[in-house]
Amino acid sequence: MIGAGIVGTVCANYLLRDGHQVTLIDRAGPGEATSFGNTGGISPASVVPVAYPGMIKDIPRWLIDPDGPLYLHWSYLPHVLPWLVKFLRAGRRDRVERISKALSSLNMPTFEAFRPLLRDAGLEHLFHQTGQLFVYRTKEGLEHDRFGIDLKRATGLRVDILGADEIRQLEPSLAPIFAAAHFISDHGHCKNPFGLVQGLAENFVRRGGSLLREEVLGFEMGPEGPKSIQTGNGRRAVDLTLIAAGIWSRALMKQLGHDVPLETQRGYHVTLPDPGIMPRIMVLPMDYKMAVTPMDMGLRLGGTVELAGADAPPNYERARALLRIGREIFPGLNTEGYTQWMGNRPCFPDSLPVLGSVPGFPKAYVAFGHGHQGLLGASQTGKALAELIGGRPLSMDLAPFRIDRFARA
């Protein structure tokens with residue numbers, strides 16, 4: 001297995017539970033890349049893809065706002081333009097409805113699929129199913145999101161619409177600047193995403209899995225897939241290969257004959273160790289496309305989308321923008337001693353990951369491209385891949401997640 005982020009680590013644990021001998025390889029330690037800095041949301045009804053109908057009208061406003069949720073390095077535009085065209089096409093209403101159903105099959109079982117892994121590793125205390133509050137400055141803002149709210153309701157989960165007084169009663173730490181909200185009580189958060197990956201990896205090793213900190217350079221191919229993996233430390237024979245390496249999966253897939261449209265949407269966070277104010281639940285200020293999560297290490301504010309490529313240096317002005325917004329929505333917020341971070345979200349244009357076997361190579365499998373929802377989608381991904389590899393009936397339809405769907409589009 002290649003990739004020790006949350007998706008790869010969960011897959012490795014599920015395969016180990018099935019009795020496979022599993023070796024997990026990553027050039028970094030478990031959870032030290034993108035999984036380190038996510039905002040911890042666990043939201044089964046998060047079934048709204050990133051691209052949505054009418055988004056193209058919002059993009060110019062975002063781009064001219066220095067604190068807006070989207071930032072584009074203009075020198076990167078020629079490279080990312082073909083991906084952006086596919087992305088905007090995926091935002092057509094009919095496609096969004098189909099994508100939403102696929103996301104529902106992946107995300108709705110998240111708590112149930114995580115449960116056995118958390119229990120085995122003694123990590124149940126990290127999950128809090130206390131709800132998520134999505135707040136808007138104006139009632140018009142909520143109405144703008146009505147299509148997405150309806151998609152969430154289509155999952156069967158309860159979505160409550162709140163006014164200003166109800167918002168203050170539910171989360172009194174917020175400034176009195178929000179006029180409307182929707183609240184999903186069945187959502188929750190992880191209070192230490194990095195600790196979660198580390199704990200799952202430690203349990204994986206305790207149960208007999210092998211964890212190698214090596215860089216994967218390529219494959220020696222056989223007729224059914226890689227027969228060995230070439231790392232910086234030598235060649236390692238394999239029977240099956242599962243690629244779950246996030247944004248770095250694209251380069252590996254080219255060696256298997258698949259050039260997939262995987263792009264990084266770089267995200268930032270700031271974590272405040274002594275914020276002075278701690279919300280009781282996870283709050284998502286929708287005007288700013290960000291999330292605020294109470295965590296073990298303090299208060300985390302995360303979000304933004306930056307299109308710049310995986311190799312560009314971090315632009316920490318994006319993190320400082322989160323601080324400015326945080327002071328606006330939480331009066332008296334103490335930002336002293338904050339830490340900042342940037343990570344590469346691996347995103348496909350249609351907001352769906354690739355899951356399943358690789359056409360032409362029955363012993364090669366993929367599980368990457370979860371975009372903004374790696375933590376959320378990891379548990380059902382691991383469960384479904386273990387079912388597929390084990391030849392058991394599948395608990396979800398993997399057809400919408402095929403890696404060759406882009407070639408067929």
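This is a predicted model: local features need pLDDT of at least 70, side-chain atom pairs count only at pLDDT 80 or more; totals for chains, interfaces and linings use all residues.
Contact is taken here to mean heavy atoms within 4.5 Å.

Lys227 has its place in strand β11, which spans residues 225-231. With neighbours within four places in sequence set aside, Lys227 is in contact with Glu220, Met221 and Gly222, and also with Arg236, Ala237 and Val238. The relative accessible area of Lys227 is 43%, and this residue is therefore classed as partly exposed, given that the partly exposed class lies between the limits of 20% for buried and 50% for exposed. From C-alpha to C-alpha, Lys227 lies 60 Å from Pro176 in space, while the two residues are 51 positions apart in sequence.

Leu307 belongs to strand β17 (residues 298-307), and its relative accessibility of 5% places this residue in the buried class. When residues up to four places away in sequence are not counted, Leu307 touches Leu70, Tyr71, Leu72, His73, Tyr76 and Leu84, together with Thr264 and Gln265. Leu307 and Val205 are separated by 102 residues in sequence, and their C-alpha atoms are 36 Å apart in space.

Strand β5 (residues 132-136) is largely enclosed by the rest of the structure, because 5 of its 5 residues are buried. Gln132, Phe134 and Tyr136 point one way from β5, whereas Leu133 and Val135 point the other way, and burial applies to all of them. Two pairings of β5 can be described. With strand β7 (residues 180-184), β5 pairs in the antiparallel sense over 5 bridges, and in this pairing Leu133 stands opposite Phe183 of β7. With strand β15 (residues 282-285), β5 pairs in the parallel sense over 4 bridges, and here Gln132 is found opposite Met282 of β15.

The buried residues in α7, which covers residues 146-153, are Phe147, Gly148, Ile149, Leu151 and Lys152.

Helix α1 (residues 6-17) packs against helix α9 (residues 193-206) at an angle of about 30 degrees, and the axes of the two helices are 10 Å apart. Because angles under 35 degrees count as roughly parallel, α1 is described as roughly parallel to α9. The crossing of α1 past α9 is left-handed. On the side of α1 the contact is made by Ile6, Thr9, Val10, Ala12, Asn13 and Leu16, and on the side of α9 by Leu196, Val197, Leu200, Ala201, Asn203 and Phe204. Of the residues in this contact of α1 with α9, 9 are nonpolar and 3 are polar, with no charged residue present.

Helix α1 also meets helix α12 (residues 374-390), their axes coming within 8 Å and crossing at roughly 35 degrees. In this case α1 passes α12 in a right-handed crossing. Ile6, Val7, Val10, Cys11, Tyr14 and Leu15 of α1 meet a set of α12 residues made up of Gly374, Leu375, Ala378, Ser379, Thr381, Gly382, Lys383, Ala386 and Ile389. The contact of α1 with α12 comprises, by class, 10 nonpolar, 4 polar and 1 charged residues.

Conventions:
Residues are numbered from 1 along each chain as its sequence is written. Side-chain values use heavy atoms; hydrogens and water are left out. Axes are lines fitted to C-alpha atoms, for helices over the stretch in contact, and angles run from 0 to 180 degrees between N-to-C directions. Angles under 35 degrees count as roughly parallel, over 145 as roughly antiparallel, 65 to 115 as roughly perpendicular and the rest as oblique. A crossing is left-handed if the near helix is turned anticlockwise from the far one by less than a right angle, and right-handed if clockwise. Ala, Val, Leu, Ile, Met, Phe, Trp, Tyr, Cys and Pro count as nonpolar, Asp, Glu, Lys and Arg as charged, and the others, Gly among them, as polar. Buried means under 20% relative accessible area, exposed over 50%, partly exposed in between (1.4 Å probe, protein chains only). Two strands pair if DSSP finds at least two bridges between them.
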